[in-house]
Amino acid sequence: MYRKSFLPFGFCAQICAVCVLFVAVSRGKAMAQTAQISQGDYKLFGTVVNAITGEPIRRALVQIVVTQTFGVLSDSEGKFEFEGLPEGRLHVGVRKPGFFNESDIKAGPVIASGGLSFGPEGDGTKVGPDTPPLTLKLIPEGVIFGRIDTNGEPLEYISVKIFAIGIHEGGKYWEQRGETATDADGAFRASNLQPGTYYVMVGGMWNSVARIRPSAKEKEQGYGEVFYNNAEDMNGATPIEVSPGQQAETNFSLKPTSMFRVSGTINGLQGQGADLSFIGSSGVPARFPTHFNPINGQFETMVPGGAYTLEARGFNKDGSVLSANLPIRVNSDLSGIQLTLAPAISIPVDVRREDVAQARGTDLTINYYSGVDAAGHPYRGNFADASVVGLHLRPRTMSLQNQEITSSFRVNPGGQPQSQIANIEPGRYVVTFPLNSRWYVQSAQCGSVDLLHEDLTIATESQSPPIEIVLRNDPATLTGSISSESPEADAKVLVVPDGAATRTQVAYIHDGHFEMDGLAPGDYSVIALNTVQGLEYTNPEVIAPYLAHAQHVSLQGSQKSDVNVELVQVGKQ
Amino acid sequence: MTMTILRMLCALALALPLSAQVNSPAINSSPVNSALTFRISGAVVNAITGQAVNQAEIEIANVLMPEAVQTMTTGSDGRFHFDNLVRGKYQLTGHGRGFSPQGFDDHFGYFTAIVVGPGMESENLIFKFRPDASIYGVVTDEAGETVRNAQVMLFRQGIETGQEEILQVKQEMTNDQGRFLMGHLLPGTYFVAVSAQPWYVQVPQPHYRSVTTSDGKTQMVPSDDDEQNRSPLDVAYPITYYSGAIDSSEATPITLKAGDRAEADVGLSAVPAVHLRIPTNSDQEHIGANLSQNVFGRYSIPVPGYTFQPGNGELEVNGVAPGNYSVTMNSYGKQQTSRTEDVQLTDNMKMDASQGTPPTTIDGIVSLDGQPAPTDGFVQLYSRATHGNLSTQISGKGEFKIAADDLKAGTYDVYVFNIPHSVVTGVMAEGADVAGKTITLKKGTSVQMAITMSASLGQVDGVAQLKDKPKAGAMIVLVPNDPDVNASLFRRDQSDSDGTFTLHDVVPGKYTVIAIADGWDLEWDKPSVLKPYMNLGQKLEVNPKGKYQVKVPVQ
């Protein structure tokens, strides 16, 4: 008697591609702590400390850039020294596995730790005759760990995903922050977490080469996705607060559920292969054992019962995206599913301008638009032609995380849509328009959807109505000054339209002043805050406590108005 | 019953859960008397401790209807029973907490099926559950700090493929605590290897100095003052084996019995990294170098390193520990070329500039009984000497194409997987030598290949007998003539409780069937090992779609 080896094909073992670079904690003997540079007579020295406990950190890598990068490990007392430096300013960075440096924390969780990131931004650290000792801080990482079992039996290869809410442009977005899987003891550890609030989801199979039974006559059990602590979706999930250096334990006891065989064909493959994913309630693709033949498009897989969006993505020979998706409810075996790949959606865009007699600024030959990008940095553009509108789409759909679209469109005097946003994948998007000093967006519609107040939802295999944008050339301008004891580098001004906090605009402060062009006429509340990082300021409830300190202005078309606002500390209301 | 040990498409496949799927063998069965029903019963015990296994899931299925599975879960006495069974042959498998799926009297996937019927012993079976073993440990660096994201590789010395050899069975990354855990291991002899780079490594950067050219202009050229600027943190970890060796021949074996949980901590120690410089032809803009290290004389383990082109016509490879490596240089210019050299890397060494060879290309066609083979099939050329393999999926019209940048010249067995009940019956080639189902490839050649497959296969049923009585649990081997070049023609099975066995999908040809009582530790595809058993074997010739009955004495 024998049993046959199972031959994986198609999605052969999804090898987790992880770079082999970064390591960890504890301690041994002191290593080199002085680096000789031989470019001058000065020293730079100091100590690396744990930002939370103040304890010195040994074997942290301190790097400086003087024509090239030099690195040294701190000694057993956290001390380091560079000798032979020329006078001047240089950048100093510090890192160690298991810790974040201040730049990592500032950049937010999207940026992975471990790169050559430098502490003090701007001009760098001064080196010269009287250079004081430097204190470099590292913030210990957080870890979420735990065990997953069923009836006391540890479960291996169970996928563990870590989610958090990210704030971008004052809006709230669910994001995946980590992924791991249980080991043979049912244990998992998700490390490299910045301080914050996290949600843990487990379920599905990490191991894509698990068996697929030939028939549903045999019982096959699996584990559906579940959030800590036994919630079906994110909204019911228990948040886990992770403070610096904290190891938070989350254990799961899963109930097995029936697995069903789902099979079918992906049509329209262009010989470039395709990915097939099941997107459950979490909004991110779940992993199940899948067989896929990239030549004939046939697939079969085993999934726990439930509602999914079955999503296929492929590529055309020119590299453009093809996609297909199909909502399915799995409560028995499903076969003969047909998914036909189609080019991603294109939306026609029609921009019109409503000119009014007393438009201002028509004598200007250069126009700027400005805004704040995902990382919180301002950007400015120069549109010599005043009749161009910028448009920014930020996906709310989690599987499209980081796939933002920015386009610009010319005003079309003929009234016929001439341009389009190409290659948009199905999903939900937040649409924003960078401000322009020559006009404001009076209305933006896509069919019946008011893009100034609602999200844009794009379905597959459907023709989207055009986006119709109407600009008006009498925008108002708001200027102001900030009264504050000590101006803070990160301070910003929020200009909140009354009754429409979702369209709040952010202005930068230069030398205690701000200026914002391109506002639509209306009533506004103006608030100055020491920082807006991590603040969901497009949520009326979040912004409400600050309105007491706001200046209220009523702007007419083409009006210039000036206000004086008081700087408010976030979280002290 | 028949079996070809399928060479794995993935090197790691042995480590992955194997499906317990069984093909339906066509056995002779006399008409079933439905009035008579039978029973399979017994108890599950831990093979090591002898204790009854609680909560074990036991499954049986008639081999004619393998999808109709009956299951039951044992209680604290470990007992199981399946009543009202019709006469026939049943596969008996099970698993439990700490016991990976296994069959009754399991030998690497072969097991003894239980035959029920008048006069058959099918009750009071003792199902010895082999507990899983595991190896765990922590990887630390020269300062005693734990190393995260180190790659831990597990090797097993075994004979499952017919000859004693060391196979890689698992690969894992250490977690944030530097820990790893390799579970679900069979008893056997294991080796642990760790590959990592120091997290703090300071890779040398190209420096330039300004020179004044003859026409008075200032130009930046790469400077050679390497040693002067070398950071003490320009270091690397050699591939390190438990317990501290940096040569696989000095690795400490870890012998696991069923149920063992062994600790294998590995300490890494950074050594100054070497710099390898490879001259390149300046017209070749796209150049890459990959380093790999041979471990256990066979496996080629990729070694991470840093490469850059300083702009002086050289390619520099940094961040690698001194030692013996295979360096593969690929250039992707007008003509794609590749060359591999085995070098002993020492500090600041230069490799000779020698011309690479273009990739070896194989264009082939696979036919199944005269028709193009279906696109489900995978062609694999497997080298028994190096464990290297070349594989590709069959495209439309039965064609396939393999382009190997870095071919190891040598002899490869030809397999086609994933086309059920059909096997390779012939190999022909232009541009390469063929013997049996093997092809011998040279570097930089262009090969035309034709693989013929057939579904017109024979079947050999038999009974293993010891002193004229049926013998269960014997290893049955179907040995082809010219076994050296016909590895793919071997079939194996284990005799069932009534001594019967079936060898499926037998390619027409001449064979000898042998039965060995305690043969599970033998290198069964080595002719020299099999020779003592051949005289008492049953010789037979198999014709297309022929069915044969043999009696084989157990030796």
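This briefing walks through the confidence, sheets, cores and backbone details of the structure above. The structure is a predicted model, with an ipTM of 0.80 and a pTM of 0.81. Chain B is built from one helix and 47 strands, and 43% of its 555 residues count as buried.

**Confidence**

- The pLDDT of chain B averages 84, and 88% of the residues score at least 70.
- Residues 1–34 of chain B have a pLDDT below 50, and this stretch makes 92 contacts in the model beyond near neighbours in sequence.

**Overall make-up of chain B**

- Among contacts in chain B with a separation of 6 or more, 70% come from residues 24 or more positions apart.
- B:Gln91 sits in strand β5 of chain B, which covers residues 88–96.
- B:Gln91 has 23 other C-beta atoms within 10 Å, so it is buried.
- B:Glu160 belongs to the loop between β10 (151–158) and β11 (165–173) of chain B.
- B:Glu160 counts as partly exposed because it has 19 C-beta neighbours inside 10 Å, and burial takes 20 or more.
- The C-alpha atoms of B:Glu160 and B:Ser292 lie 26 Å apart, and the two residues are 132 residues apart along the chain.

**A five-stranded sheet in chain A**

- Five strands of chain A make an open sheet in the order β24-β23-β27-β28-β30, and the pairing is antiparallel.
- The edges are β24 (285–286) and β30 of chain A; each has a single partner strand, so one side of each lacks a neighbour in the sheet.
- Strand β23 (residues 274–279) of chain A pairs with β27(A) through six bridges in the antiparallel sense, and A:Asp275 has A:Arg313 in β27(A) as its bridge partner.
- Strand β27 (residues 306–315) and strand β28 (residues 321–330) of chain A run antiparallel and are joined by ten bridges; A:Ala312 is partnered there with A:Ala324 in β28(A).
- β27(A) and β28(A) make a hairpin with five residues between them, and A:Gly319 in the turn has a positive phi of about 90°.
- Two antiparallel bridges link β28(A) to strand β30 (residues 342–343) of chain A, where A:Leu322 has A:Pro343 as its bridge partner.

**A four-stranded sheet in chain B**

- In chain B, four strands form an open, antiparallel sheet in the order β24-β23-β27-β28.
- Its edge strands are β24 (299–303) and β28 (336–345) of chain B, each pairing on one side only.
- From one strand to the next, the twist averages 30°.
- Strand β27 (residues 323–332) of chain B is joined to β28(B) by ten bridges, and the two run antiparallel; B:Tyr332 stands opposite B:Gln336 in β28(B).

**Nonpolar cores**

- The largest nonpolar core holds 57 residues, and A:Val493, A:Leu494, A:Val495, A:Val526, A:Ile527 and A:Ala528 have the most contacts inside it.
- Strand β47 (residues 522–529) of chain A gives the most to this core, contributing five residues.
- Leaving out residues up to four places away in sequence, the residues that A:Val493 touches include A:Gly480, A:Ala507, A:Ile509, A:Phe514 and A:Val565.
- A second, separate core has 51 residues, including B:Tyr412, B:Tyr415, B:Met449 and B:Val542.

**Backbone details to check**

- Most residues other than glycine have a negative phi, and most peptide bonds are trans.
- A:Tyr228 and A:Asn229 are joined by a cis peptide bond with omega of about 5°; A:Asn229 lies in the loop between β18 (226–227) and β19 (240–242) of chain A.
- The peptide bond from B:Tyr242 to B:Ser243 is also cis, with omega near 5°, and B:Ser243 is in the loop between β17 (240–241) and β18 (254–256) of chain B.
- A:Asn192 has a positive phi near 60°; its place is in strand β15 (residues 187–193) of chain A.
- A:Asn192 is buried because 22 other C-beta atoms lie within 10 Å.
- B:Asp482 is not a glycine, yet its phi is positive at about 50°; the residue is found in the loop between β42 (475–480) and β43 (491–494) of chain B.
- With 13 other C-beta atoms within 10 Å, B:Asp482 is partly exposed.

Note on methods:
Residues numbered from 1 in each chain as written. Chains lettered and ligands numbered in written order. Predicted model: local features only at pLDDT ≥ 70, side-chain atom pairs only at ≥ 80, totals over all residues. Pairing = 2+ DSSP bridges. Axes fitted to C-alpha atoms, helices over the stretch in contact; angles between N-to-C directions. Core = buried A, V, L, I, M, F, W, Y, C linked by C-beta atoms within 7 Å. Buried ≥ 20, exposed ≤ 12 C-beta atoms within 10 Å, placed from the backbone. Contact = placed C-beta atoms within 7 Å. pLDDT = per-residue confidence, 0-100.
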